[in-house]
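Me: Could you walk me through this one with a few questions and answers? Please keep to what can be worked out from the structure itself.
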Amino acid sequence: MNGTMITKTTSVNRRRLRNLLNKSDNRICADCGAPDPKWASSNIGVFICLKCCGVHRSLGTHISKVLSVTLDEWSNEQIDAMSEVGGNSAANAIYEAHIPEGFSKPGPDAGIEERKRFIRSKYELQEFMKSSLRISTGKSSPSFKSIFSSKFMDSFRIKPTDDEDGMVEFIGLLKVTVVKGTNLAIRDMMTSDPYVVLTLGQQTIQTAVIPSNLNPVWDEDLMLSVPNNYGPLKLEVYDHDMFSADDIMGEAQIDIQPLISAAMAYGDPEMFGNMQIGKWLKSDDNALIEDSIINIIDGKVKQDVQLKLQNVECGELHLEVEWLPLDQ
């Protein structure tokens, strides 16, 4: 009887862990953005890649308790802790709240020393957190999990960051719905396994992989914080490969300035009926297929965007972008 219960519990835990790992923000390493992380820091609540895993181990278990997603056994408490944090994006909203300008995150191909500097600064020294949230990391310190209570996370998500010199200040959120792709490029024998990567500033997030489909329908919502000094929203489409580097299937950029300017000009959109309030015009300098209209729809500021992918033989992408001020 006991053996049966252990197997059942382990099976449930595996399924819960897979569900967590399949969230869009958990499909890339929290520290360097490498795809398909297979390791996690169970007390911090982030999924990480093999290279960053080695650095986490070097910090000691009082800072980061590293487990393999596939090889180690996970307890209910460990998975509960991961769930409470809310994923890589939620954790990074805390641990990377104030990355100084000019200090960039390591990329997937970064060397070990660059990874060490960043990860130690992020978790052990807590240099990028709001000073009021920093906690001691000594043996008698509270768990990292203690700063991620549901009430705390809810309050953090709606508050703007403090205006500190040299720090990143966020002015709002973008909800990007990746609707579908059309006539995407072939990168395997007869088809592709596409997914979309969005990048804004130092944030990167990706959709699910749709296997064997050149006309994929994602209809997936992704959230990004908008820094005060924002640039274009960059997107890339990749073909997922199991045993080699993923192949690029095109790229494009979205100028989010017309959306944000229109939203700020009108203020509270709930005061208005459905109406057009702006437009991003198609030109030779952008990837638009047609003019992109900005509307107030049911009290929300939304923009429909249809793009022709660049630097590739074929492919189009349809997205919907919504502006969310911080007080929402």
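Predicted model: local features only at pLDDT ≥ 70, side-chain atom pairs only at ≥ 80, totals over all residues.

Me: Thanks! Which residue does the side chain of Lys116 meet in a salt bridge, and how far apart are the two in helix 5?

Reply: The partner is Glu113, with 4.0 Å from N to O. Glu113 counts as partly exposed as well, at 46% relative accessibility. Both belong to helix 5 (residues 112–124), and because they are 3 residues apart, the separation of Glu113 and Lys116 is about one helical turn.

Me: How many salt bridges are there, and which residues are linked in a network of them?

Reply: The count comes to 10 salt bridges. One of them joins the side chains of Lys105 and Glu96 at 3.1 Å, N to O. That pair also belongs to a network, whose members are Asp31, Glu96, Lys105 and Lys122.

Me: Are Lys105 and Glu96 buried or exposed?

Reply: The cut-off for buried is under 20% relative accessible area. Lys105 has 19%, so it falls on the buried side. Glu96 has 11% relative accessibility. Lys105 is therefore buried, and Glu96 likewise counts as buried.

Me: Which salt bridge links distant parts of the chain, and how many residues apart are its two members?

Reply: Look at Arg27 and Glu220, whose side chains meet at 3.2 Å, N to O. Arg27 is in the loop between helix 1 (2–21) and strand 1 (39–41), while Glu220 is in strand 7 (residues 217–227). Arg27 and Glu220 are both buried. The two members, Arg27 and Glu220, are 193 residues apart.

Me: Now the open sheet: in what order do its strands lie, and which are the edge strands?

Reply: Its 4 strands are paired antiparallel, in the order 6-5-8-9. Strand 6 (203–206) and strand 9 (247–254) each pair on one side only, so by that pairing the edge strands are strand 6 and strand 9.

Me: How many bridges join strand 5 to strand 8, and which residue stands opposite Pro194?

Reply: Strand 5 covers residues 194–200 and strand 8 covers residues 233–239, and the two run antiparallel. They are joined by 6 bridges. In strand 8, the residue opposite Pro194 is Asp239.

Me: On which side of helix 3 do its buried residues lie, the same or opposite sides?

Reply: The buried residues of helix 3 (residues 76–85) are Ile79, Ala81, Met82 and Val85. Because they cover an arc of only 155° around the axis, they lie on the same side of helix 3.

Me: And which residue follows helix 3, with what phi?

Reply: The phi there is positive, near 100°. The residue that follows helix 3 is Gly86.

Me: Which residues have a positive phi without being a glycine?

Reply: Asp298 has a phi of about 55° and is placed in the loop between strand 11 (292–297) and strand 12 (300–308). At 65% relative accessibility, it counts as exposed. In the loop between strand 12 and strand 13 (316–325) there is another, with a phi of about 60°: it is exposed too, at 67%. The names to note are Asp298 and Asn311.

Me: Last one: which residues form the nonpolar patch on the surface?

Reply: One member, Phe272, is in the loop between helix 7 (257–266) and strand 10 (275–280). Phe272 has a relative accessible area of 32%, so it is partly exposed. The patch has about 290 Å² of accessible area together, and its residues are Met271, Phe272 and Met275.

Methods:
Residues numbered from 1 in each chain as written. Heavy atoms only, no water. Buried < 20%, exposed > 50% of the residue type's maximum accessible area, 1.4 Å probe, protein only. Patch = residues over 30% accessible without salt bridge, like charges linked within 9 Å, V, L, I, M, F, W, Y side chains within 5 Å. Areas by Shrake-Rupley, 256 points an atom, 1.4 Å probe, with all protein chains shown as cover. Arc of directions from axis to C-beta.
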